[in-house]
Amino acid sequence: MKVPIHFDREWVPELKKRMKEDGPWNKWELFQLAYQAEETSIVSDFGELQCLKHLPALDPFPHQLETAKRVISEMHGRAILADEVGLGKTIEAGLIIKEYMVRGLAKKILILVPASLVVQWSRELNQKFGIPAVAQKKEYMWRQYDVVIASIDTAKREPHRGHVLDQDYDILIIDEAHKLKNKNTVNYQFIKEIKKKYCLLLTATPIQNDLDELYNLITLLKPGYLGQSADFQKNYVESKRQARNHEVLQEELKDIMVRNTRSEGGLFFTKRFVETVPVELSEMEWELYHGVTNFVKEQYQNTFFKNPLALITLQREVCSSRFAAFDTLVNMHNRLPEDSPARMKVVELAELIRAIKKNAKAEKTLELIQSFNDKAIIFTEYRKTQEYLHHYLAENGISSVMFRGGFKRNKKDWMTELFENRAQVLIATEAGGEGINLQFCNRIINFDMPWNPMRVEQRIGRVHRLGQKRDVYIYNLSTSGTIEEHILNLLYEKINMFEMVIGELDTIVERLRLNKSIESNLIDIVLESETEREVQIKINNIGEVIRMQMNENNLAEGMEQL
Amino acid sequence: MNQQEIRNYIETYFRAFDSPFITETPSYFTVQLPVEVDKDLGNRPFYWSYVEKIGIEPNPLQLTFVFEPDSLPEGLRGEELPYGSRRLHQIFDSAKKHGKFVRLYEDTENPVGRPRSSFPLVPWLGVNYKAEFICDQKKDMLLSLGINLISGSVVADFYQTVQSLALTPKLPDYTFTMQPIFGIDSAVERIEAYISRELEQHDTKWAEYALKRLEEEKALVESYYGEEANRQESTEEQESERLEKQRKLLVEKNTRLQELAWQFEPRIQVSALNIGLFYLRTPLPS
């Protein structure tokens with residue numbers, strides 16, 4: 001066959017001009033250097049990945065390299081990257097972008113991510129891949145810069161929309177692509193209109209509820225690939241969540257989706273040991289706990305507080321430490337009418353707090369840290385508890401640094417460094433966010449338990465991830481007889497969540513929409529139940545329901561097979 | 001390129017610009033940038049436009065490059081230059097920019113016995129090309145060709161051949177240049193015809209595969225949008241609304257088809273890297 005050849009002749013008039021004007025002529029040495037520069041950077045075959053030569057500092061995992069290779073040579077640059085959470089989809093995308101750039105196949109690149117991830121993406125691409133990506137902030141940037149990162153919500157609105165739809169993108173990348181599952185949404189329609197050559201859709205959960213979602217994602221990449229929607233239904237869908245013809249579908253998906261899972265690699269993660277550490281409250285602490293619990297119930301029934309959230313907060317705080325509860329009590333005191341009995345009650349509780357001199361949980365924590373004499377991260381939901389622990393540990397000769405959500409990037413890096421080199425303990429009120437590497441530590445103490453399982457998962461995910469070399473130990477402090485104990489039972493015994501590998505939980509949580517339900521159910525239970533016993537039974541019931549749902553949900557298996 | 005090759009490369013680069021070396025040790029060197037290099041490497045376009053506008057004395061940068069970071073003197077800071085670093089690419093780009101057009105003369109001793117007679121030099125046009133084989137993937141090939149502007153004959157590997165000759169930018173004594181018979185345009189045509197013949201000899205499996213792929217994918221798109229259109233046909237809607245939907249669908253389909261052509265269509269793009277007029281005494285085998 002005859003392949004069309006196009007010659008660039010721009011240089012011809014330029015040469016003629018120089019001949020006519022007798023110069024200027026360049027130096028022979030530079031002519032030779034120019035040739036040499038070209039010689040070292042050309043790519044003389046189609047197959048092999050070139051980008052690593054340009055990334056001396058990057059050390060990707062084998063599955064990431066393999067994925068990049070497959071996407072480029074077998075999938076022709078259009079694929080769903082569906083690795084489980086924590087296996088490095090961003091790295092894979094970065095490798096693919098870099099490869100296309102090195103080969104001169106991509107210049108104009110658009111990366112659409114949730115607003116909260118824009119900065120992180122630009123940092124990773126710049127630092128790890130030397131890709132000059134910018135976070136879109138001003139309108140002119142759409143055209144001025146070649147590699148632009150923005151959120152879909154910004155991009156789809158005028159005046160941005162016009163700029164995006166007006167240009168041709170060599171690569172379009174969409175992170176958290178499962179949000180595009182519904183083809184009738186404005187976002188989906190907008191993405192469909194973007195003109196692109198290569199396209200990567202990143203998601204850890206390509207199917208959340210039904211198989212049509214996967215069909216819709218594939219249609220963005222290759223319309224018609226799985227036939228018409230109706231054909232797809234007929235051929236592959238047994239019921240909403242169940243696939244038929246698994247093998248065939250699996251075969252078809254091979255050419256369009258990569259899904260690396262932890263279980264198949266085997267090499268990725270060290271072991272995880274979970275230990276429940278029982279704590280017995282002192283008599284006075286018990287008195288406070290009961291006092292608060294009764295107060296919360298009474299006030300909920302009295303409905304003085306229109307928003308029961310403050311009450312719930314108080315209930316949760318008292319499980320953490322008396323200091324956490326104190327501020328909330330003071331606030332309530334100030335809001336209650338001066339002569340109300342509730343206000344008297346608050347004063348009583350505050351007096352009780354003042355009288356308490358010991359903290360059973362903190363003592364247990366200290367004991368624990370002294371016993372393993374190694375670095376540890378203590379997680380608490382409350383700043384007051386955090387400050388108290390910092391102080392308490394210092395009194396007992398243990399150095400610690402505090403870590404908070406509001407910290408700027410630099411401060412987070414600095415705290416991480418302090419923890420690594422100077423301190424034994426990090427006390428954190430949040431999971432720290434992406435990009436903070438705490439893998440040098442392998443022990444986590446959950447001082448109090450979030451009611452939202454995803455938050456627990458994020459905590460663990462900070463240390464139990466790629467790059468952790470040692471087994472990971474998780475200690476859950478459980479105050480006997482309190483709501484905390486029941487919740488821990490639910491998460492630990494019923495949902496088995498601590499045994500799950502990272503990524504598994506978020507798949508389940510997202511699929512069953514547990515996230516909202518667990519937390520809001522817990523709130524209802526605490527507020528509505530008459531007795532401790534009732535609380536316990538109701539929490540137990542949630543656990544049963546979830547377990548049934550998990551068993552019924554055949555999709556989980558279906559996904560693994562895909 | 002390894003570190004030694006990179007060091008050789010950039011030293012040659014700075015020497016070509018007569019940049020003064022301030023310190024030079026096995027572990028690092030510091031170099032004073034001349035103005036034109038600072039403009040390429042300094043990352044300060046505003047400074048230069050300011051200097052030129054105001055007409056003040058420019059103050060070009062000094063740069064330090066480090067090759068053995070472990071044995072640096074205390075307090076010294078410099079840049080490392082791994083392959084793939086942005087700085088090295090800047091230097092590559094600068095070399096390409098300043099090494100695009102040359103005019104050179106072959107410089108040889110006159111044969112014994114005829115020391116004072118004048119010798120003719122034959123004009124050649126030499127071009128280094130990059131051929132890019134593009135579909136959804138890409139590979140490159142360098143081609144160096146020269147054409148004798150008297151005889152019109154084209155030779156391959158021209159650059160590799162002239163590299164072994166002694167060349168000088170000034171017309172040497174006792175030589176003169178012959179008047180070319182071929183003009184630049186016809187010379188270029190001849191070279192391009194030569195390249196086309198050459199490239200047609202190449203394996204075209206990659207292009208056949210890409211074309212097959214393109215046809216398959218096009219067929220999928222056609223059938224998908226065909227059925228979508230039918231489906232809309234059958235739903236009861238207002239005529240105007242239906243037409244609008246059909247129009248949108250057609251636009252969408254065309255976008256998809258254009259994308260596929262863009263992604264897969266096999267083509268070869270040939271561009272010139274650098275170009276030279278060479279006046280040679282040594283005859284080259286054609």
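Trainee: Which residue takes a positive phi in the hairpin of E7(B) and E8(B), and how many residues lie between the strands?

Mentor: Bear in mind that this is a predicted model. In a hairpin one looks at the residues that link the two strands; here five residues lie between E7(B) and E8(B), and B:Gly152 is the residue with a positive phi, near 85°. The strands themselves, E7(B) and E8 (residues 154-156) of chain B, run antiparallel and are joined by three bridges, and in this pairing B:Gly146 stands opposite B:Val155 of E8(B).

Trainee: Which other strand of chain B pairs with E7(B), and in which sense?

Mentor: To read a pairing, one takes the sense of the strands and then the bridges. Strand E6 (residues 119-134) of chain B pairs with E7(B) in the antiparallel sense, over 11 bridges, and B:Phe133 has B:Lys139 of E7(B) as its bridge partner. These two strands also make a hairpin, with three residues between them.

Trainee: How many residues of strand E7 of chain B are buried?

Mentor: Here one goes along the strand residue by residue, and for strand E7 (residues 138-148) of chain B the result is that 11 of its 11 residues are buried. Residues of the strand point two ways: B:Leu142 and B:Gly146 are among those that point one way, while B:Met141 and B:Ile147 are among those that point the other way, and all of these are buried.

Trainee: How many residues does each chain give to the contact between chain A and chain B?

Mentor: An interface can be read first by its residues and then by its area. Chain A gives 71 residues and chain B gives 86, and between them the chains bury about 7,400 Å², 62% of it on carbon and sulfur atoms. On the side of chain A, the residues that lose the most area to chain B are A:Trp11, A:Tyr35 and A:Phe46, which together make up 12% of what that side buries.

Trainee: How many salt bridges and how many residue pairs in polar contact are found between chain A and chain B?

Mentor: The count is 11 salt bridges, and one of them brings together the side chains of A:Arg9 and B:Glu192, at 2.5 Å from N to O. Polar contacts across the interface number 32 residue pairs. Among the elements of chain A on this side, H2(A) gives the most, with 14 residues, and by class the side has 32 nonpolar, 17 polar and 22 charged residues.

Trainee: In which sense do E1(A) and strand E11 of chain B pair?

Mentor: E1(A) and strand E11 (residues 267-280) of chain B pair in the parallel sense, over three bridges, with A:Phe7 opposite B:Val270 in E11(B).

Methods:
Residues numbered from 1 in each chain as written. Chains lettered and ligands numbered in written order. Predicted model: local features only at pLDDT ≥ 70, side-chain atom pairs only at ≥ 80, totals over all residues. Heavy atoms only, no water. Contact = heavy atoms within 4.5 Å. Buried area = accessible area lost by both parts, 1.4 Å probe. Salt bridge = Lys/Arg side-chain N within 4 Å of Asp/Glu carboxyl O. Polar contact = N/O pair within 3.5 Å; in protein donor to acceptor, adjacent residues only side chain to side chain. Helix = DSSP H or I, 4+ residues; strand = E, 2+ residues; numbered from the N terminus. Nonpolar A, V, L, I, M, F, W, Y, C, P; charged D, E, K, R; others polar. Pairing = 2+ DSSP bridges. Buried < 20%, exposed > 50% of the residue type's maximum accessible area, 1.4 Å probe, protein only.
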